[in-house]
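Colleague: I am new to this structure and would like to go through it with you. Could you bring it up, please?
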Amino acid sequence: MSVPIITFPTGKLHSLGLKFTEGIHYQTAPEELVHDSLRLGEGKLNDTGALVIKTGEFTGRAPKDKFIVYDDFTSYTVDWNDFNIPIHEKYYDVIWKKVMAYLNERPSLWIRDSYACADSRYRLNIRVITEKPWMSLFAYNMFLRPKEEELENFEPDWHVISVPDLHLEPRECGIRQHNAAVISFKHKTILIAGTGYTGEIKKGIFTILNYLLPQEKNVLSMHCSANMDHDGNSAIFFGLSGTGKTTLSADPDRLLIGDDEHGWTEDNIFNFEGGCYAKTINLSEEHEPEIFNAIRLGALVENAIFFPGTNKLNYHDAGITENTRVSYPLYHISNAVEPSIGNIPGNIFFLTCDAYGVLPPISKLTPEQAMYQFISGYTAKVAGTETGVTEPKPTFSACFGAPFLPLHPGKYAEMLGQKIKNHNANVWLVNTGWTGGPYGVGQRIKLTYTRAMITAALDGAINGIATETDQVFGLDIPTQCPGVPSEILNPRNTWADKEAYDEKANFLADLFIKNFEKYESGVSEETLKAGPKVV
């Protein structure tokens, strides 16, 4: 799917402080971006025609180096915390000038006009300017693509300017080290310097949508994937990176709406993006055929390793990082919905990767338990997703997406709770992590079992089945599920040492309770009582 060659009006760059009149590559077709990357020695083709590149020093997000400019727009609206780190306006100005000076010395620029939000009522026009052709390919894949006639009068609502080869001076720029991703709501600009990890572009736009949509449009923004059956029955899957959002939503028997970022309005759900950004570690055609077959000409693979002497990728090799990734446009998925909009979801899944092997593979939540689990956002950071994380580590991330939520988590939780109530949606907690013991002792729950449990929840096969209640977490666990051995449904049964399980369950419950203390004043007594109890 190529885009016609269109001349970019250079005056629009002059207004930014750029003096470019030549060397501008605007709306370059994917095939040409691949060619440009190969010409510059910044990638190789694999055996299916996908471009394989290395992102350099950073192979994951750097959350401690993401900043929001502290100004009149954000001072009283942003929930300042370990993820929403303020930076003074004067430093934004310094970084801006350095980025512009750097770009003015480049021989070429790649510019991509695109937009976010499949529902046209909430469309956000985005202009991505970068020094790397493969970053422009990433923008083509991940954002929605305007039609040719829409480009004639295209005006960006936001700019994203990415210069991975520019290293900043920390003291002069008011930052921690040489790299930074800086969001200015006042200037409607995201500046990214010193890192080639493309996920910073994607999550930068996600962050601003999480700020704008709930406040200005009364739309719940969500870190979730979504799909639907052929009758239009939608489901959404919340979870942090590595918990299975992309894998579980790419179901060949269902229609894909999107794999990571969505909005929930009064009458639909819609995808923010025009593509998918899937993890490829241990990818196989047998277990994930849709993703496997999407890796072809136009796809961008990051930090994966070839089998020696071949152009065939070894998806099991984590020699560079566990966080190997591929971006591809939604039209690479044969069963993707166009436009990527779905009906109000009847089923909501909270995906958690429990590194302790304590939580059941599937359990149905009461509305109060749903709010408790959503606000808690328990999972494990999967190795490589963030810089410095080399093995799964338990964490709590409010609303299953705290690093990308500029507003207080209570805002998103309140909106979700109201929608669950209004639409009588079923909510399920699904553990895609360990069973039979903690990480290092037990084993990862089989993907085939997880798929079977989700299918049973979607088609109602486990409705009405007898349940048993977990004594610590109070979760209702089905005693049977089609396609799943009954003995794995209650995690205590999978541990050889039952006392060790009880001890670990109480330990995890205590972590939940201590984490939730900071939210106690803002939730109902019913929600508070829905949490675990140490026994």
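Colleague: To begin with helix 10, how many of its ten residues are buried?
Modeller: This is a predicted model, so everything I describe is computed from it. In helix 10, which spans residues 367-376, eight of the ten residues are buried, and the helix is mostly covered.

Colleague: Which residues of helix 10 are buried?
Modeller: They are Gln 369, Ala 370, Met 371, Tyr 372, Gln 373, Phe 374, Ile 375 and Ser 376.

Colleague: And what follows helix 10?
Modeller: Gly 377 follows, and its phi is positive, near 60°.

Colleague: What about helix 4, how many of its residues are buried?
Modeller: Ten of the ten residues of helix 4 (residues 133-142) are buried, so the rest of the structure largely encloses this helix. Among them are Trp 134, Phe 138 and Tyr 140.

Colleague: What lies over the face of Tyr 140?
Modeller: Arg 145 does, at 5.2 Å from the ring centre. In another part of the chain, Lys 504 has its charged end over the ring of Phe 507, 5.7 Å from the centre of that ring.

Colleague: Changing topic, which residues does UniProt list for "binding site"?
Modeller: The UniProt entry, which is unreviewed, lists Lys 203, His 223 and Asp 260 under that heading. These residues are spread over 58 residues of sequence, yet they cluster in space, with a largest C-alpha distance of 10.3 Å. Of the listed residues, Lys 203 is included in the lining of the largest cavity.

Colleague: Where is Lys 203 found, and in which helix?
Modeller: Lys 203 belongs to helix 7, which covers residues 199-217.

Colleague: Is Lys 203 buried or exposed?
Modeller: Lys 203 counts as buried because its relative accessibility is 11%, and the cut-off for buried is under 20%.

Colleague: Which residues is Lys 203 in contact with?
Modeller: Beyond its neighbours within four places in sequence, Lys 203 is in contact with Arg 61, His 223, Asp 260, Glu 261 and Phe 404.

Colleague: Where does Asp 260 lie?
Modeller: Asp 260 is in the loop that runs between strand 13 (255-258) and strand 14 (261-264). With 6% relative accessibility, Asp 260 counts as buried.

Colleague: What does the side chain of Asp 260 make with the side chain of His 223?
Modeller: The two side chains make a polar contact of 3.1 Å. Residues touched by Asp 260, leaving out those up to four places away in sequence, also include Lys 202, Met 222, Lys 245 and Glu 273.

Colleague: Turning to the rings, how many aromatic pairs does the structure hold?
Modeller: There are 27 aromatic pairs. One of them joins Tyr 197 and Tyr 277, whose centres are 6.3 Å apart with 50° between the planes, a tilted arrangement. Tyr 197 lies in the loop between strand 10 (189-193) and helix 7, while Tyr 277 is in strand 16 (residues 275-279), so this pair ties together parts 80 residues apart in sequence. Both tyrosines are buried.

Colleague: Why is the pair of Tyr 378 and Phe 396 tilted?
Modeller: The planes of Tyr 378 and Phe 396 stand at 45°, so the pair counts as tilted, and the ring centres are 5.4 Å apart. Tyr 378 is in strand 24 (residues 378-381) and Phe 396 in strand 25 (residues 393-396), so the pair links distant parts of the chain, 18 residues apart.

Colleague: Are Tyr 378 and Phe 396 buried or partly exposed?
Modeller: Tyr 378 is buried at 2% relative accessibility, whereas Phe 396, at 21%, counts as partly exposed.

Notes: Residues are numbered from 1 along each chain as its sequence is written. This is a predicted model: local features need pLDDT of at least 70, side-chain atom pairs count only at pLDDT 80 or more; totals for chains, interfaces and linings use all residues. Side-chain values use heavy atoms; hydrogens and water are left out. UniProt positions are given in the numbering used here, feature names are shortened, and annotations may be inferred rather than shown by experiment. On a 1 Å grid over the protein atoms alone, a cavity is a set of points where a 1.4 Å probe fits but cannot get out, and a pocket is an open set with protein on both sides within 12 Å along at least five of seven lines; lining residues have an atom within 4 Å of a point. Helices (H or I, at least four residues) and strands (E, at least two) are DSSP runs, numbered from the N terminus. Buried means under 20% relative accessible area, exposed over 50%, partly exposed in between (1.4 Å probe, protein chains only). Contact means heavy atoms within 4.5 Å. A polar contact is a pair of N or O atoms within 3.5 Å; within protein, one must be able to donate a hydrogen and the other to accept it, and residues adjacent in sequence count only if both atoms are side-chain atoms. Rings of Phe, Tyr and Trp (its six-membered ring) pair if their centres lie within 6.5 Å; planes under 30 degrees apart count as stacked, over 60 as edge-to-face and the rest as tilted. A charge sits over a ring if NZ of Lys or CZ of Arg is within 6 Å of the ring centre and within 35 degrees of the ring normal.
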